[in-house]
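The notes follow in the order I checked them.

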Amino acid sequence: MLVLENLIKEDFTTCEPKFFRIYQQQDKDALEALLKDKPHTKIHDEIETQLDDLIKSQHPKKKPEPAEMEALKIKHIGNLSKLEYGVWVYYPWSERLVHLLDEEEFIAVRTNRNIYKITPEERDILGKQKIGVVGLSVGQSISITMAMERGFGEIRLADFDLLELTNLNRIRTGVQNLGIKKVVLVAREIKEIDPFLKVTCFDDGMTEENMDRFFTEGGNLDIVVDECDGLDIKILLRHKAKSLGIPVVQDMSDRGTLDVERFDLEPERPILHGWIDHLDHTQVKYLKTNEEKVPFLLAMIGVDTLSNRLKASMVEVGQSITTWPQLASAVALGGALGADVCRRISLKQYTESGRYFVDLEDLIGDKNKAKDNDYNVVDYTAEVLTENEMNQAIAAISSKEIESFPLSTEQVEQLVSAAAIAPSAGNNQPWKWVARSGKLYLFHDEQHSVSWGDFDNITSNIAFGTAIENIKLEAGKAGLTTSYLPFPNPENKRLVAAFSFQKTDVAYATDLAAGMGIRLTNRKQGNKAPIEAAVITSLKSAASLNSPATLQVIQDEQQIDLIADIVAGVERVRFLYPQGHHDFYTKEIRWTPEAVNETKDGLDILSLELSESDKTGLKVAESPEVIKLLNRWGGGAAFENLSRKAIRTSSGIGLVTMPSYEAENFLKGGEAVQRVWINANLNGLSFHPISAPLFLFARLNHGNGAGLNQKMTEELSKYQKDLLQIFPTLGDQQGVFMFRLSHASAPTVRALRKPLKDILQFI
């Protein structure tokens with residue numbers, strides 16, 4: 001070990017070779033001194049073959065015979081010996097001495113096979129170009145490719161990073177270079193290809209302090225290639241390039257994506273094609289967290305145009321991988337694309353700006369792709385609920401109906417307006433209210449709720465229960481008491497309830513009636529502050545008011561964390577299941593204010609209260625191809641973050657149960673949920689439904705796991721056992737609804753509701 005410790009460390013900094021023209025005595029002496037000092041220097045002398053190539057290039061019409069070739073070489077070198085001719089180049093980092101043709105002849109021979117793709121005149125133009133490259137992963141490939149074509153006379157390289165083992169998947173170099181700065185590696189490789197090219201290294205990377213020097217010292221750059229990671233530098237260097245009229249080229253090493261911004265020809269062109277104009281990019285350098293940077297990143301990369309594999313990989317960053325992946329093939333392609341575009345810009349053969357794609361998978365792929373069964377989904381549909389059907393269903397129950405106080409049109413509208421603000425799964429509002437002969441009826445308009453997630457109409461029935469509770473509360477305000485027949489027509493279960501109203505002097509739950517308008521969902525994180533015992537008592541009393549429903553509230557922090565893990569795990573299972581994923585994106589989520597206002601249903605993305613990173617993950621996971629990949633990889637753990645973080649900040653977790661699994665009990669359970677929800681909001685508590693486990697467990701227990709694959713069944717069974725440990729009552733009671741209670745700031749948005757004309761029909 002002592003021997004290893006005392007060995008001389010390798011030179012990690014030098015990147016300039018030394019030139020010796022030994023036909024000059026001074027250089028000859030210097031070279032002799034060097035060789036005496038370093039007797040182990042490796043000498044590489046192939047001047048003969050270089051002279052051969054030179055002579056051949058000068059006589060393209062004939063192939064000189066060996067004797068003639070030798071004579072032409074002797075004539076060409078004149079009074080010098082072959083040893084003295086040309087230049088000896090010493091590379092100190094490898095301790096090699098290489099014999100080369102001198103600059104003019106070296107350039108002529110080295111670029112000979114470019115002609116006429118690059119003419120001699122064009123070669124001379126390129127040889128005067130000054131190119132700046134910032135970031136040396138993809139940047140290395142572009143730099144080396146340009147050097148091979150001799151697409152510049154000077155290149156300025158900026159990167160502060162050292163070569164790490166993880167870089168060797170895309171940077172072409174050897175393990176002996178680990179720990180060396182990337183600028184040094186690239187500079188050395190360029191010098192080994194062509195020692196006459198000028199390379200200027202900025203080994204502290206691109207910074208605000210050195211940016212002016214990078215762009216202007218020794219003459220302004222002609223092109224800058226941006227391959228850096230820092231968002232602030234990406235933006236700042238473009239402002240600088242724009243002010244100096246310098247074009248910017250950028251490759252993204254995904255789908256052959258290349259950006260070109262011709263600030264030289266379009267001085268007023270917005271940076272990054274105007275994609276970040278809606279953001280205050282003067283503040284980027286002050287952004288510290290990923291959450292603050294994500295809006296800029298998304299605008300720059302264009303999520304919709306990323307490859308499916310990169311989208312899926314983005315979801316896994318911070319879960320099963322540490323950073324975004326890049327492949328050597330993509331980096332090599334980027335090197336070719338970047339070098340090609342830089343050359344044509346320099347030669348005025350290309351004058352436009354834009355984002356371009358050279359997607360090899362798209363260009364070179366199977367025309368008849370094999371069908372897979374990894375994402376089999378259906379678009380659930382339901383028959384239209386017609387007036388004729390509703391009339392027939394009502395007529396069939398006339399003998400069962402109780403005499404009712406006849407409602408006026410104004411009273412009907414008042415009652416249904418109250419019912420309309422009740423909650424529903426995914427805000428799907430599955431109700432159709434019918435007024436006929438002064439009576440009120442509730443129908444299930446399945447077109448709005450039919451989905452894989454609404455197993456056995458459980459979520460719809462709970463929603464109907466919450467709406468019925470609002471009817472009862474609103475009627476009470478008008479001096480009416482409410483009763484109803486649940487599912488009165490066995491032949492048509494779409495008739496959910498037939499209502500009757502009676503005059504009364506006994507007001508119904510007036511304290512809750514006052515809170516109907518403030519009830520809302522709040523998914524924001526809480527502060528874990530405890531809930532007062534009196535409030536818990538009040539919530540439980542609200543649940544059991546004239547009802548067999550019971551409420552349990554868990555406040556132990558460890559148990560809350562366990563529930564967070566259960567809910568998060570179930571959400572992941574649901575999200576990765578193709579049908580669950582399909583329904584979420586096609587039926588539930590609304591990405592823009594325009595979409596929210598157009599449908600007035602579904603979940604506004606803002607209502608999910610997601611971090612920018614989580615929102616990005618949700619967006620990139622929209623593609624079925626992404627879900628297929630995540631399932632193949634065993635990934636998707638990031639989807640657990642959508643609910644876990646918020647649940648762990650809760651003050652309590654509530655569970656509403658009913659005695660048994662019956663449709664009517666889900667109606668009654670929904671009524672209890674609405675009372676608890678209103679009570680919680682009146683007491684200043686935020687309320688967030690987290691019932692997905694209960695609904696999937698119902699499919700597992702009462703639907704024989706219909707639609708569930710073996711892996712899902714096993715995972716859900718485990719989660720059900722875990723939840724039973726926390727709520728033993730689930731062993732003999734039916735779980736109806738689970739929710740989190742917290743002390744949190746006001747929600748970002750409130751869910752919209754459909755107008756009365758869309759949900760109420762007078763017959």
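I took partly exposed to mean a relative accessible area between the buried limit, under 20%, and the exposed limit, over 50%. The model is predicted.

Aromatic pairs. I counted 20 aromatic pairs. I looked up Phe19 and Phe196, a tilted pair with 5.6 Å centre to centre and 35° between the planes. Phe19 belongs to strand β1 (residues 18–20) and Phe196 to the loop between α8 (182–193) and β7 (198–202), so this pair ties together parts that are 177 residues apart in sequence. With a relative accessible area of 25%, Phe19 is partly exposed. Phe196 is at 13% and therefore counts as buried.

I then checked Phe499 and Phe501. Their ring centres are 6.2 Å apart and their planes are at 10°, so I logged the pair as stacked. Both Phe499 and Phe501 are buried.

Cluster and charges. I found a cluster in which ring pairs link Phe575, Phe584, Tyr585, Trp591 and Phe639. Over the face of Trp591 I noted Lys619, at 4.6 Å from the ring centre. I also noted Arg255 over the face of Phe357, at 4.8 Å from the ring centre.

Helix α7. I looked up residues 138–149, which make up this twelve-residue helix. Its span from first C-alpha to last is 17 Å, close to the expected 16 Å. Nine of the twelve residues of α7 are buried, so the helix is largely enclosed by the rest of the structure. Among them are Val138, Gln140, Ile142, Ile144 and Met146. Just after α7, I recorded a positive phi of about 55° at Arg150.

Conventions: Residues are numbered from 1 along each chain as its sequence is written. This is a predicted model: local features need pLDDT of at least 70, side-chain atom pairs count only at pLDDT 80 or more; totals for chains, interfaces and linings use all residues. Side-chain values use heavy atoms; hydrogens and water are left out. Helices (H or I, at least four residues) and strands (E, at least two) are DSSP runs, numbered from the N terminus. The expected span of a helix is 1.5 Å times one less than its number of residues. Buried means under 20% relative accessible area, exposed over 50%, partly exposed in between (1.4 Å probe, protein chains only). Rings of Phe, Tyr and Trp (its six-membered ring) pair if their centres lie within 6.5 Å; planes under 30 degrees apart count as stacked, over 60 as edge-to-face and the rest as tilted. A charge sits over a ring if NZ of Lys or CZ of Arg is within 6 Å of the ring centre and within 35 degrees of the ring normal.
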